[in-house]
Amino acid sequence: MTVGARLEISGLTKRFGGFVAVDSLSFVVEPGRITGFLGPNGAGKTTTLRMALGLVRPTSGTVTIDGQAYAELADPLGSVGAALEATNFHPGRSGRDHLRVMAAAGGIGDRRVDELLELTGIPAFARTRAGNYSMGMRQRLALATALLGDPGVLILDEPANGLDPEGIRWLRGFLRHLSADQGKTILVSSHLLQEVAQTVDDVVIIANGALVREGPMADLGGAPTALVRTRDPAALAEALAAAGVTATVGLDGELTVASTDLTLIGDTALSAGLPVWELRTQRADIEELFLSLTEGNRNTGATERTVA
Amino acid sequence: MSGAVRSELLKFFTTRLWWGMAIGVFLSGAAFSLLFGILLTSEGVDAGAGMGGMPTGDAVQVANSVYTGGLAVGYLLMLTIGVIQIGSEYRHSTISGTFLAGPRRVRTMLAKVLALLVIGTGYGLLSLIGSVAVGAITLNLRGADAFPSTEVVRTLALSLLVLGLWALIGLGVGILIPNQVAALLIGVGVAWIVEPLLGLAMSAWDFGREHIAPYLPSEATNAVVNAVQNSPDSVRLSWWGGALALIAWAAALSGVGIWRTVHRDVT
């Protein structure tokens, strides 16, 4: 069991000719947490991950794993496990043989190969040629490949893509186990927030190659609020203000209260003699927020940048 | 490094290509030595006396030609293996995994070179088992000397080297021409069609005939194994000159290929 290392990306930029794929991107991925790396297709996620893994040369900037660049790692497979695309298999080679090829390159024995086939649930297909694998099987094989060297850092590019709901649930539990129980550093990319919302601890959102939002998943939608409907919202707002809670009246006469203490709100309404027609906590719609964050152009994104 | 070489060998032996190639190498070795064994011991091919249109050669050259008759097919198969060993990595993007396991790319590519030399030598042995067994029997039955000189043994050993070097030429071609199918067609086309035509064209041009044609890879290969000559006035390098020329081709093509692979982004 290898404990995770910090993955640090700083000032990372990649230009392809005149096109800026990644634009001075900086963030840190912490051990023992699952970080979601989000952005629409074409935002520069895969290019960033490939630069982190030494496959693509950055125009400028650095990526370090525990202070070292990927290419300098003494034992790359034992330090960082990567699943880039679920299509990186020779169609004529069996899943087991694919793992054996990779294991040999990392000086890892065949016993570990069989262990991982078991762990990722593909022993039945181990000797089937990978060309006949379903998308879900490919994802599992890619994950098995990433885990070969029992690395402390996992970098997974769209690992839920093509998984059925049961597979996604399995993946979620598996990643939780690896991060919470084993302390691994996990970076998971996705173009769908809802796909990873229940899995990740932190999020890094990029659009057009630049950072637009970074921080704990729980803070993404801002602090939760309460919604109240009553006969005289202005009067209740006043009463709540007297109790030290801010409330704003909405267009439909609903009151948004900057507190989730429903008891306090109900009691305040009662002592003000106002009937409560509706009272509940509410969260911002993070999917909507994600869309608004990533749809804006780069300049908008930069001004909205917040660092947690 | 040994792990990287083992990984490259596993790559080769875990797809179906290897045994198809093995059958091809063995059969071509056996079939061509039978064919050459019969043709070159026919009337009109006496020691050194070239009849019109017939290949010329002494007993040693005849034996060499018989045993290495399948080499022309063999080295094309090695070229193919070299192209596929790198071409399929780009085609199926397994090159990402290869460089993730071995991010020091020069070392990883040198492991590929070593693995291809091992594969080339192994297939060379297989080819020789076929060609020497069938060829020696054929020569004996035709009343020719099956082992006229120890030079024949040298030729056999060198043919192993030749196959390894052609695999490296394939590696270079496979990198420089990114489309695997195009690389195969162009590689085989140049070695089998363009180069002989070029040699033919240069026969009318003294400088080219003497200073260019002998150094082309296929002609250098013929020099290494000292086979019979198709034309008495073609200029041929000594066996070691041919070996050096072929090594230069292999080093140049695979070297340029490796340089490109090391510096190119893997997307």
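Mentor: Let us begin with handedness: a crossing is left-handed if the near helix is turned anticlockwise from the far one by less than a right angle, and right-handed if clockwise. By that rule, the crossing of α7(B) and α10(B) is right-handed. Before we go on, note that this is a predicted model, in which local features need pLDDT of at least 70, side-chain atom pairs count only at pLDDT 80 or more, and totals for chains, interfaces and linings use all residues. Residues are numbered from 1 along each chain as its sequence is written, while chains are lettered from A and ligands numbered from 1 in the order in which they are written.

Trainee: Why are α7(B) and α10(B) called roughly antiparallel?
Mentor: Helix α7 (residues 151-176) and helix α10 (residues 217-225) of chain B pack at an angle of about 160°, with axes 9 Å apart. Axes are lines fitted to C-alpha atoms, for helices over the stretch in contact, and angles run from 0 to 180 degrees between N-to-C directions. Angles under 35 degrees count as roughly parallel, over 145 as roughly antiparallel, 65 to 115 as roughly perpendicular and the rest as oblique. The pair is therefore roughly antiparallel.

Trainee: Which residues make the contact of α7(B) and α10(B)?
Mentor: From α7(B) come Thr155(B), Leu158(B), Ser159(B), Val162(B) and Ile169(B), and from α10(B) Pro217(B), Thr221(B), Val224(B) and Val225(B). Two residues are in contact if their C-beta atoms, placed from the backbone, lie within 7 Å. These residues divide into 6 nonpolar, 3 polar and no charged. Here Ala, Val, Leu, Ile, Met, Phe, Trp, Tyr, Cys and Pro count as nonpolar, Asp, Glu, Lys and Arg as charged, and the others, Gly among them, as polar.

Trainee: What makes Trp240(B) buried or exposed?
Mentor: A residue is buried if 20 or more other C-beta atoms lie within 10 Å of its own, exposed if 12 or fewer, and partly exposed in between, with C-beta atoms placed from the backbone. Trp240(B) has 11 other C-beta atoms within 10 Å, so Trp240(B) is exposed. Its place is in helix α11 (residues 239-263) of chain B; helices (H or I, at least four residues) and strands (E, at least two) are DSSP runs, numbered from the N terminus.

Trainee: What makes α3(B) mostly covered?
Mentor: In helix α3 (residues 59-67) of chain B, 7 of the 9 residues are buried. Among them are Val62(B), Asn64(B) and Tyr67(B). The buried residues of α3(B) pack against α2 (17-39), α6 (105-141), α7 and α10 of chain B.

Trainee: Now chain A. Which residues of α8(A) are buried, and how do you know that they line one face of the helix?
Mentor: In helix α8 (residues 233-242), Pro233(A), Leu236(A), Ala237(A), Ala239(A) and Leu240(A) are buried. Seen down the axis of α8(A), they fall within an arc of 165°, so they line one face. That arc is of the directions from the helix axis to the C-beta atoms. On the other side, Ala234(A), Ala241(A) and Ala242(A) are exposed.

Trainee: What do the buried residues of α8(A) pack against?
Mentor: They pack against β10 (225-230), β11 (247-249), β12 (255-257) and α9 (262-271) of chain A.

Trainee: How many residues of chain B are in contact with chain A?
Mentor: 24 residues of chain B are in contact with 28 residues of chain A. Helix α1(B) gives the most to that side of chain B, with 6 residues.
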